[in-house]
Amino acid sequence: MKLFFTLCSFELTRYYASLTDILNSVAFFALIIIISAVSAGPTFTNNDYLVIGSIWTASVLSCVLTLDLIFNKDFREGTADLFILCSVSLEILSLAKAFSYWLTNCLSIITVASFTFLLMGFKFEFILNFLVCISLVTLTMSLIGVALSALTANSRNGTLLLTILVFPMMIPPVIFGTSSSLNAYNGLDVSNEVLFLIGFFMLLLSTLPWASAAAIKTRIH
Amino acid sequence: MKYNHTLEIKGLKLQRGLKLILSNYNLTVNAGQAIKVSGPNGCGKTSLLRTIARLNRMNEGKLLVTSNAETKPLSQNLVNFIGHSPSIASDLSIEQYLKFYSEITDGKVKYHSIEDSLSIFKIQTPLQLNKNLSAGQKQRLSLCKLLLFEAPIWILDEPFNSLDVESQKILEIQIEAHLKNGGIVILTSHQSFNKEEKFKKICLEQIS
């Protein structure tokens with residue numbers, strides 16, 4: 001557990017140093033919302049379905065934008081070698097990287113997205129449901145992102161490859177996440193969708209750290 | 001002598017892409033022995049050193065260590081490796097980086113404190129960010145890691161690169177002390193250094 005917190009603290013220090021990348025994601029989120037509002041015209045604020053869809057799209061795309069940051073510096077600066085030389089558990093490293101990425105990049109987007117819903121006059125219960133669903137979706141995405149980023153970081157066309165690989169894996173949680181939000185908006189039961197998201201997250205949590213560790217080893221060797 | 005380890009490389013085959021670097025290569029390095037791997041650029045010196053440090057996979061062969069009449073496969077905690085590009089996190093300060101390195105290092109015995117290793121290599125600004133360091137300062141910081149933990153086998157890839165004369169002398173003294181303690185040193189260097197004659201020379205081009 002101590003190693004996990006040491007690695008998290010290392011990652012958070014690094015993210016703090018590249019704060020502009022996180023702000024870049026937030027700016028990207030704002031741009032998508034503004035462009036959606038401008039292109040839909042006055043119907044945007046009157047059509048809650050459009051707002052929900054846009055905010056979900058913007059949140060997921062903004063979180064994907066910085067996935068390549070997860071391992072880029074490690075392979076560029078050689079700290080990936082350091083982890084192997086110090087016999088660091090690569091599974092714990094993957095979990096620490098996923099958690100730190102979520103805590104910095106994803107949480108900032110989630111906060112801004114929730115405020116956007118609040119400004120648009122959505123109910124508190126709806127926003128609470130959105131917070132739970134988007135947190136589960138982005139946590140899942142962070143786990144997937146760590147494995148794929150380890151495979152593609154610092155390679156030619158790595159960012160493009162990462163984006164292409166991450167989207168098919170993200171579609172199921174995004175479908176259930178948006179479906180949960182629409183149900184919550186209409187006052188319907190959301191437990192099935194939330195349970196699916198929790199199940200999907202737990203499944204990946206119990207398998208992907210090992211896949212990520214194998215990916216890191218493959219890249220270094 | 002502090003260490004009594006013998007390193008054995010048995011039947012090593014090393015290939016990078018289509019290039020065969022070594023085939024069925026055997027080498028025994030005894031306690032207190034130093035090896036200098038030489039050869040032209042691109043002949044595979046770094047690949048060989050990274051393989052001994054267990055960073056690269058070997059195609060065939062075994063890396064064994066014998067200590068107190070017990071032979072075991074070479075493990076990471078017996079090796080201190082310094083690569084030709086310093087593996088330094090640029091967003092951390094010197095002190096933060098060495099503390100992080102100390103905290104994540106598993107299975108090695110502490111040797112010098114961070115303060116002592118910094119003072120040995122004459123680094124006086126522990127709060128300075130790594131990204132603001134010169135190439136020589138980065139190399140000195142990288143070499144500080146050698147002194148933080150005990151390991152009988154030192155693998156140094158171009159350790160004299162970017163070092164000033166004074167730092168080069170400090171490193172030479174540290175290498176000599178390590179050899180006196182029964183340690184093993186395997187290095188590559190295009191530069192000449194003091195007491196080079198004590199190093200057994202291996203030319204990769206001649207072997208392959």
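## A quick tour of chains A and B

A:Leu204 sits in helix α10 (residues 191-220) of chain A. Helices here are DSSP runs of H or I with at least four residues, strands are runs of E with at least two, and both are numbered from the N terminus. Bear in mind that this is a predicted model, where local features need pLDDT of at least 70, side-chain atom pairs count only at pLDDT 80 or more, and totals for chains, interfaces and linings use all residues. Residues are numbered from 1 along each chain as its sequence is written, while chains are lettered from A and ligands numbered from 1 in the order in which they are written.

**Around A:Leu204**

- With 21 other C-beta atoms within 10 Å, A:Leu204 is buried (20 or more counts as buried, 12 or fewer as exposed, in between as partly exposed, with C-beta atoms placed from the backbone).
- Setting aside neighbours within four places in sequence, A:Leu204 is in contact with A:Thr140, A:Leu143 and A:Ile144; contact means C-beta atoms, placed from the backbone, within 7 Å.
- A:Asp189 is 15 residues from A:Leu204 in sequence and 25 Å away in space, C-alpha to C-alpha.

**Where the chains meet**

- Chain A puts 18 residues into the contact and chain B puts in 22.
- On the side of chain A that touches chain B, α1 (2-17) and α6 (79-85) each supply at least two residues, and α1(A) gives the largest share, six residues.
- That side of chain A has nine nonpolar, six polar and three charged residues (Ala, Val, Leu, Ile, Met, Phe, Trp, Tyr, Cys and Pro are nonpolar, Asp, Glu, Lys and Arg charged, and the others, Gly among them, polar).

**Strands in chain B**

- Strand β3 (residues 34-38) runs parallel to strand β10 (residues 184-188) in chain B, joined by four bridges; strands pair if DSSP finds at least two bridges between them.
- B:Val37 stands opposite B:Thr188 in β10(B).
- β3(B) also pairs in the parallel sense with strand β11 (residues 200-203) of chain B, over four bridges, and there B:Lys36 has B:Lys201 as its bridge partner.

**Two helices in chain B**

- The axes of α4 (residues 135-148) and α5 (residues 165-180) of chain B come within 12 Å and cross at roughly 15 degrees. Axes are lines fitted to C-alpha atoms, for helices over the stretch in contact, and angles run from 0 to 180 degrees between N-to-C directions.
- α4(B) and α5(B) are therefore roughly parallel to each other (under 35 degrees is roughly parallel, over 145 roughly antiparallel, 65 to 115 roughly perpendicular, the rest oblique).
- Residues making this contact include B:Arg140 of α4(B) and B:Leu171 of α5(B).

Conventions. Contact = placed C-beta atoms within 7 Å.
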